[in-house]
Amino acid sequence: MQLTASAILALLPALSAFVGQVNGVPTRLVKRQDVVSVHGTINEPAESAAIAPGATFDFDFESVNYCESGYEPITVYLFENEPDVSDMNADGSFPESAYLYEFGEWLIPNFGLPAQQDPPPPPSNLSMPDFSQASTNAATYSDATFYLTVVETYLDCPGDVAKEFGVTTNSIVYNATTA
């Protein structure tokens, strides 16, 4: 079929009306993440544990491996206020402005699989930052309730969500002045 210039010109008003209708359709942006209620447990430090600035403290996280992945990534944060999952980025991370400190990212091996080197499995202890010694925005906190938070990334989940996340939080007392 051969289209002439006049036939194309005749179709332009209809095409223009169609494009106008498509542009007028409201769109809704949806975060491509799902924070589920299932999550692991922070066994150490215990809830409300007192941790001094600069101290090394025991860290033990028990994963639930919600989607039965061979390896499960986790990220550990320290928040000044209880974390709000609506602040999470689509990749499960938090923006730097939301937390005080990021301890790191690790990979939990499941089902007896060998540990990976990059990233490695979680360590058995972590070091609490000393915010009064920070090179920028030095702050001194005493008897401050902070929130140690682990974000688990669940891979291999069925359905149309690429990744799902579990968020676990324990409060700690930073720079306790009383026993």
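I count rings of Phe, Tyr and Trp (its six-membered ring) as a pair if their centres lie within 6.5 Å; planes under 30 degrees apart are stacked, over 60 edge-to-face, and the rest tilted. By this rule I get 14 aromatic pairs.

**Ground rules.** I am working on a predicted model, where local features need pLDDT of at least 70, side-chain atom pairs count only at pLDDT 80 or more, and totals for chains, interfaces and linings use all residues. I number residues from 1 along each chain as its sequence is written, and side-chain values use heavy atoms, with hydrogens and water left out.

**Overview.** I looked up the elements, taking helices (H or I, at least four residues) and strands (E, at least two) as DSSP runs numbered from the N terminus. I find 1 helix and 10 strands. The order from the N terminus is α-β-β-β-β-β-β-β-β-β-β. Next came burial: buried means under 20% relative accessible area, exposed over 50%, and partly exposed in between (1.4 Å probe, protein chains only). Of the 179 residues, 31% count as buried. I then looked at contacts, meaning heavy atoms within 4.5 Å. Among contacts between residues at least 6 apart in sequence, 73% join residues at least 24 apart.

**Disulfide.** I searched the whole structure for cysteine sulfur atoms within 2.5 Å, the rule for a disulfide. The search gives 1 disulfide. Cys-67 and Cys-157 form it, with their sulfur atoms 1.7 Å apart. Which parts does this pair tie together? Cys-67 sits in the loop between strand S5 (60–62) and strand S6 (71–79), and Cys-157 in the loop between strand S9 (144–154) and strand S10 (164–174), so the link ties together parts 90 residues apart in sequence. The torsion about the S-S bond of Cys-67 and Cys-157 is about 85 degrees, so I note the disulfide as right-handed. Are the two cysteines buried or exposed? Both Cys-67 and Cys-157 are buried.

**Strand S6.** I followed S6 next. Of its 9 residues, 7 are buried, so by the under-20% rule I call S6 mostly covered. For pairing I require that DSSP finds at least two bridges between two strands. S6 pairs with strand S7 (residues 101–109) in the antiparallel sense over 8 bridges. Val-76 stands opposite Gly-104 in S7. S6 also runs antiparallel to S9, with 6 bridges joining them. There, Tyr-77 has Thr-149 of S9 as its bridge partner. I meet Tyr-77 again in a ring cluster, where ring pairs link Tyr-77, Phe-79, Phe-94 and Tyr-99.

**One ring pair.** Back to the count of 14 aromatic pairs. Tyr-141 and Tyr-174 form an edge-to-face pair, 6.0 Å centre to centre with 85 degrees between the planes. Tyr-141 lies in the loop between strand S8 (125–127) and S9, and Tyr-174 in strand S10, so the pair ties together parts 33 residues apart in sequence. Tyr-141 is buried at 17% relative accessible area. Tyr-174 is buried at 1%.

**Ser-171.** I stayed in strand S10, where Ser-171 is found. What does its side chain touch? The side chain of Ser-171 makes a polar contact of 2.5 Å with the side chain of Glu-47. I take a polar contact as a pair of N or O atoms within 3.5 Å; within protein, one must be able to donate a hydrogen and the other to accept it, and residues adjacent in sequence count only if both atoms are side-chain atoms. Ser-171 counts as buried, at 10% relative accessibility. Leaving aside neighbours within four places in sequence, Ser-171 is in contact with Ala-46, Glu-47, Ser-48, Ala-49, Thr-145, Phe-146 and Tyr-147.
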